[in-house]
Amino acid sequence: MTRNHARRNHYDRVKDSRSNYHLLTSNVVGKVLFSGKDATGVCYLSTTATNTACSSNVYATKEVILAAGGFGTPKILQLSGIGRKKLLQKFGIPLVTDLPGVGQNLQDQPTLSVPYTCKLIRPYGSHRQPLSELTLHSHLVANNVSPNYGSLLTNATYNAEQRARYDAGQSSAYTLVSSLSSNIGVLSLQKATSSYRQIIKAAGIRDPALSLPADVDETVLAGYTAQRAAILKQFASNDIGVGTVHWSTADSALVYHLKPLSRGTVTINSTNPLENPLIDFRTGTDPADVAVYTALFRKNRALFAAPSMQALGPTEAAPFGAQLTTDEQIYAVMRDQINPSNAHQCCTAAMMPLELGGVVSSQQKVYNVRRLRVADISAWPFQLSGAPMATVYAAAERVSFLSLRYTCAPTY
């Protein structure tokens, strides 16, 4: 229960020695400022401002580095005049450069929670410290395995006891249960289903244009077509994960889809920097995603049917259950239960060639302008087979190194 994160390892470590390091909390960037094609700084305003025009400017001596995430980066680029010309004209935003890929290619890792109840009730704590009658009753009513990760969060006495045991090197729930912990398995498509060849074949003959919005720019379509071919090669590999199954040790399992072929969009809805963009995940719009997700669900069901899990007596609970037997029945329920986001939204300012709808180069410079880079997850072309955080940190460190080498007369 110790959190290790960027503030502790970066900001707190250097803030006392960096008088020029400022965090302007409760403010948002309105747009990047330009002189011709040169990014010169950004304007920003308070999140509580009643006048939504940018009220303050800061200027860069070398470069502007944008790191606003999969939703924020395309929004700021579009507000700054970088994006699809048709969209910017709609809102009367002066065009700096026409980049149709900005805000396209949205991906996430959709998440499905599958509820379970378990017949076997395990006691809290050691045998020498039995449950109180009240606590025991509450767990019998819950009809669930305990301890689980929620046990540490809801019972302070038990939490303190188990932390003391852990610190003393004794067996403890601290080594067994945590929200994600190590109880997570990454599956290739081959490991998920014996029908993987049929899924790949069907996806391979599908027209890529059918998986994108009808008015998509031809360069974005070309880039997606190339991505699709690359991802289908990953589908054929036994070494690349397309999904994960995870049991939290509590009352549900989680199933993640890591390699969706569906693509969403992020577009501004006004020129107000304080207004959220329009986000359309378009989850499950590609039939291959439906097939992969159904296969992952069936694999999770098979794991819960294994003898080691059956010892706990798990029962798949509503809205799922044993009555769902066909793929069509399963997905009809899944469709209404899938969370389109695992907070891993990415890829909306993709690092791809300009002719493939790319937004940034391999140096993470925004095309057709100078002194502007993107350092966040929006620059990815497509998802990893896992959580993105460590790779985001590594990419940001790379950009900081590239920026230090920056010269005043770059080519673009």
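Guide: In what follows, a residue is called buried when its relative accessible area is under 20%, exposed when over 50% and partly exposed in between (1.4 Å probe, protein chains only).

Visitor: How much of the chain is buried, then?

Guide: Buried residues account for 45% of the 412 residues in the chain. This is a predicted model, in which local features need pLDDT of at least 70 and side-chain atom pairs count only at pLDDT 80 or more, while totals for chains, interfaces and linings use all residues. Residues are numbered from 1 along each chain as its sequence is written, and side-chain values use heavy atoms, with hydrogens and water left out.

Visitor: How many helices and strands are there?

Guide: The chain has 13 helices and 14 strands. These are DSSP runs numbered from the N terminus, with helices (H or I) of at least four residues and strands (E) of at least two.

Visitor: Let us take α12. Which of its residues are buried?

Guide: Ile330, Tyr331, Val333 and Met334 are buried in α12. They lie on the same side of α12 because they cover an arc of only 165 degrees around the axis, the arc being that of the directions from the helix axis to the C-beta atoms.

Visitor: And what does the face turned away from the buried side carry?

Guide: That face of α12 carries the exposed residues Glu328, Arg335 and Asp336.

Visitor: What do the buried residues of α12 pack against?

Guide: They pack against β7 (111-118) and α10.

Visitor: At what angle do α10 and α12 pack?

Guide: Helix α10 (residues 287-304) and helix α12 (residues 327-337) pack at about 100 degrees, and their axes are 10 Å apart. The two are therefore roughly perpendicular. Axes are lines fitted to C-alpha atoms, for helices over the stretch in contact, and angles run from 0 to 180 degrees between N-to-C directions. Angles under 35 degrees count as roughly parallel, over 145 as roughly antiparallel, 65 to 115 as roughly perpendicular and the rest as oblique.

Visitor: Which residues make that contact?

Guide: From α10 come Val290, Tyr293, Thr294, Phe297, Arg298 and Arg301, and from α12 come Asp327, Ile330, Tyr331 and Met334. Contact means heavy atoms within 4.5 Å.

Visitor: Changing topic, where is Ala250?

Guide: Ala250 is in the loop between β9 (243-247) and β10 (252-257). Ala250 is buried, with a relative accessible area of 8%.
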